[in-house]
Amino acid sequence: MHQTPHITLYSNSVGESYEEETRKKIVLLASTLLFSSLSFSDMAVIVHPDNTSTFSNAIIKKIFLGKQTKFTDGKIVIPMNASETLPTYDAFNDKVIGKSRTQINAYWARLVFTGKGNLPKILSSDTDIVSTVSVNQGAISYVDSSSVTDKVKVIANF
Amino acid sequence: MKILKTISIASLAFALASPTLAEVRFSGFGSLVAGQTLEDDEKLNADFYDVGQYENTTTFKAESVLGLQVTADIAPDLKATGQLLAKGTDEFKPELDWYYLTYQAADDWTLMAGRRNIPMYYYSEFSEVGYAYPWIRPPSNLYWWQVTQFDGFHASYDFSTENYTNSVTAFYGNEYSNDNKEMLYYAEIGNRQLNNAAIVRVDEYWTDIAGFNVNVIGDSFDVRMVYFRNDRKRIDTNVNGETAIRASASGFSQQFYGVGGNINIDNFTIIYDANYVECDDDVGTVFPTYLISTVYNIGQYQPYLSYSKADHWQTKSDNENNYEEHYMATIGLRYNLSSTASAKLQFDHFEDEGDKATGWDYHGNSQTVSAAVDFIF
């Protein structure tokens, strides 16, 4: 990109093949940007629309590890996981929690069998998740961005 | 404590009989473990408390276990939990090992009452849940106490700071372990007698068990500190039914101190636990123990190494050091079969450094191979 683009684009002396190649490069660059932006925001963390709490990635992580049981507005948190069969389950663990399925399960096994934690509830589809979160003030979950409706509030995209 | 037991069982029964009133959750864990020592005359205590041992023939009974947990929400902030455990060392006869009520007194205050494990060592409260740790077992030469459970009360306070999640738990309780399995085993191998007749039953009482745990969890580490104290009493019964309090193991208190945890650095997990038990008996008995283990996390594989050391001194005696002493060096591999099951293969070298002249080397050296499948459901 050290050559000035408009010279290569509009100079007749450069020839058509060079112009063609540049156009391909632009298409490639545009599609790279498009796809990377898609994969960056393909999952949305959602709460009830009335939830006015503040969130950060650290808070979301704590909530889903059972370490934070209240929102910043004081309401009790009801975290809900996507079923392991949904692609968002692994994506969420990978991007937000930073643990593998096995590490997560070992972590919860310790808490559950010593009576010090309850596994988050599990919902089997994005439709279920959106409808459950839309009617529960304390709910927090995550879905594919394309499943979001105006009945829930998006607090983070991953 | 019998009242407490009745209350928790009644609560469970009530909850089970009234599905419309209470949400009941079932979950469980299990380990199928096979192992044996390499040489004819070798023996390894893999489970001191339940006398789960490996000898030179393969057995599944020393450590295999199946646990079923039932939790019932019996009121908005009150739940009842029961844990039914079937262990190979008890011929898989199911026993209600844990039963307790949990009351969420406030968002950050939890009260528990009932029967649970004493929170002694880092892994004490979940030592039966093989899936929750890398090895086949937490090093058995540290988890050597004849009392592991108690009937009691716990009060926990949880608090968070920006980077840490913390909790402080205070506990109090008693354990009257009648016909203690581990103590009877020692009486038998030591041909112990009372009034010239073989001892056939040993009762071990730990009373006024009182202490606290402090837990600090950060992003890449956690630390757990423990202190508790209790009074000790041991009663022997011989084959003729005669009983006597054993003076050398009665009428004193002991203090238990410990610090343990995990540190995660890149793909490595370092696990450590250091403990010190001090008895205010006439001879000044102390038991210093420690564990250090390194686990390498690579995909579904977790190779690991550990070293655990247990010692026994009499600080007020002329002979201070020549008592029980042993270490265990372990190498093994965990492979995650699925997100709820893992397979493990482990080799343990147990070196008995106990005093030979006085017979404190009664465990003997051993080399043991064991394989396990652990699962949760």
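I started with chain A and read along its sequence: the pattern is α-α-β-α-β-α-α-β-α-β-β. That makes 6 helices and 5 strands. For my notes, helices (H or I, at least four residues) and strands (E, at least two) are DSSP runs, numbered from the N terminus.

Ground rules next. This is a predicted model, where local features need pLDDT of at least 70, side-chain atom pairs count only at pLDDT 80 or more, and totals for chains, interfaces and linings use all residues. Residues are numbered from 1 along each chain as its sequence is written, while chains are lettered from A and ligands numbered from 1 in the order in which they are written.

**Confidence in chain A**

I looked up pLDDT, the predictor's confidence in each residue, from 0 to 100. Chain A averages 81, and 74% of its residues score at least 70. A contact here has the C-beta atoms of two residues, placed from the backbone, within 7 Å.

**The sheet of chain A**

I traced an open sheet of 5 strands, in the order E3-E2-E4-E1-E5 (chain A), with mixed pairing. Two strands pair if DSSP finds at least two bridges between them. The edge strands, E3 (121-123) and E5 (153-157) of chain A, each pair on one side only. Neighbouring strands are turned by 35 degrees against each other on average, direction ignored. Strand E1 (residues 43-47) of chain A runs antiparallel to E5(A), with 4 bridges joining them. There I found A:Val47 opposite A:Lys153.

What packs on this sheet? I found helix H6 (residues 126-135) of chain A, touching E1, E2 (78-82), E3 and E4 (139-144) of chain A. The direction of H6 makes about 150 degrees with that of E4(A); axes are lines fitted to C-alpha atoms, for helices over the stretch in contact, and angles run from 0 to 180 degrees between N-to-C directions.

**Cores**

I checked burial: 23% of the 158 residues of chain A count as buried, meaning 20 or more other C-beta atoms, placed from the backbone, lie within 10 Å of a residue's own. A nonpolar core is a set of buried Ala, Val, Leu, Ile, Met, Phe, Trp, Tyr and Cys residues joined through C-beta atoms within 7 Å. The largest has 44 residues, and A:Ala109, A:Phe113 and B:Phe29 are among those with the most contacts inside it. Helix H5 (101-113) of chain A gives two or more residues to this core, as do several strands of chain B, including E1 and E2 (44-47). Apart from it I found another core, of 22 residues, among them A:Val45 and A:Ile140. Back at A:Phe113, I left aside neighbours within four places in sequence and listed its contacts: B:Phe29, B:Gln69, B:Phe126 and B:Val129.

**Where the chains touch**

How many residues does each chain put into the contact? I noted 19 from chain B and 16 from chain A. On the chain B side, strands E1 (23-37) and E6 (94-106) each give two or more residues.

Note on methods
Buried ≥ 20, exposed ≤ 12 C-beta atoms within 10 Å, placed from the backbone.
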